[in-house]
Amino acid sequence: MVVAAGSGSRLGAGLPKAFVPLAGVPLLGHALRGVLSCATVVQVVLVVPDTHREQAAAVADGVCRELGSVTPVTVVPGGVERGDSVAAGLRALGDEVDIVLVHDAARCLTPVAVFDRVVAAVAAGAVAVVPGTAVVDTIKQVDADGFVVGTPERSALRAVQTPQGFRRDVLERAHAVSSEATDDAGLVERLGERVLVVEGDPRALKVTTPSDLEAAARLLATS
Ligand code: C5P
């Protein structure tokens with residue numbers, strides 16, 4: 001599933017982030033190229049703003065034609081928060097799906113190797129898998145007044161990305177309890193299930209601000 005129903009207010013482009021162009025192609029189009037290039041994907045659920053369902057279907061048609069893909073793409077409207085959008089996407093999955101990948105359209109340049117690593121780890125028996133990279137900054141935990149209350153050991157920290165992969169029953173169980181979290185693995189952790197981290201990729205950066213969009217454009221130009 002690709003969640004693309006965010007407003008993109010921090011990007012300030014005046015249109016939903018997934019439809020902001022990068023080298024002439026909406027972020028959503030780039031994201032779909034990655035997803036549809038993953039050989040194990042059997043269905044794509046595209047979660048978009050209610051106002052942009054037709055536009056999303058047109059972007060998906062274009063990418064499917066370009067790649068010669070016959071993978072079915074279902075377009076559904078998203079919710080207020082990211083978690084609500086994932087929950088909406090889950091309701092649109094076909095019966096045959098056992099492994100669910102949740103991918104942010106905003107991570108539009110994620111290499112297909114990352115999708116493959118996540119799928120392989122779930123297929124090998126992990127119930128939840130996230131791609132992650134080592135952090136270079138020292139991370140501080142602060143209180144409401146801005147004072148440091150702790151410094152986690154940096155070598156034990158990972159910055160996690162998407163696609164995050166799950167056994168379907170586990171993700172559905174997690175969302176039945178609550179959809180409130182900044183990522184889906186966080187919901188699964190609350191169930192007491194173990195989440196495995198596999199190697200992420202710097203190219204899976206999340207486009208959030210105008211400078212991220214510039215960074216993505218540079219990456220695209222040099223790849
Ligand atoms: O807002 P943020 O950058 O954290 O969003 C991450 C991803 O979740 C984006 O691809 C965005 O389109 C999606 N999202 C969504 N529904 C929302 C909010 C965010 O699908 N209500």
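**Pockets and ligand**

Guide: The second largest pocket has 17 residues lining it, and Thr 40, Val 41, Val 42, Ile 99 and Leu 101 lie nearest its centre. Here a pocket is an open set of points on a 1 Å grid over the protein atoms alone, where a 1.4 Å probe fits, with protein on both sides within 12 Å along at least five of seven lines; lining residues have an atom within 4 Å of a point. This is a predicted model: local features need pLDDT of at least 70, side-chain atom pairs count only at pLDDT 80 or more, and totals for chains, interfaces and linings use all residues. Residues are numbered from 1 along each chain as its sequence is written, and side-chain values use heavy atoms, leaving out hydrogens and water.

Visitor: Which element gives the largest share of the lining of the second largest pocket?
Guide: Strand 6, with 4 residues.

Visitor: What does Lys 17 do with the ligand?
Guide: A polar side-chain atom of Lys 17 lies 2.8 Å from a ligand oxygen atom.

Visitor: And which atom of the ligand is 2.9 Å from a polar backbone atom of Val 80?
Guide: A nitrogen atom.

Visitor: How much of the ligand does the protein bury?
Guide: 86% of the 460 Å² that the ligand exposes taken alone (Shrake-Rupley method, 1.4 Å probe).

Terms used. Polar contact = N/O pair within 3.5 Å; in protein donor to acceptor, adjacent residues only side chain to side chain. Helix = DSSP H or I, 4+ residues; strand = E, 2+ residues; numbered from the N terminus.
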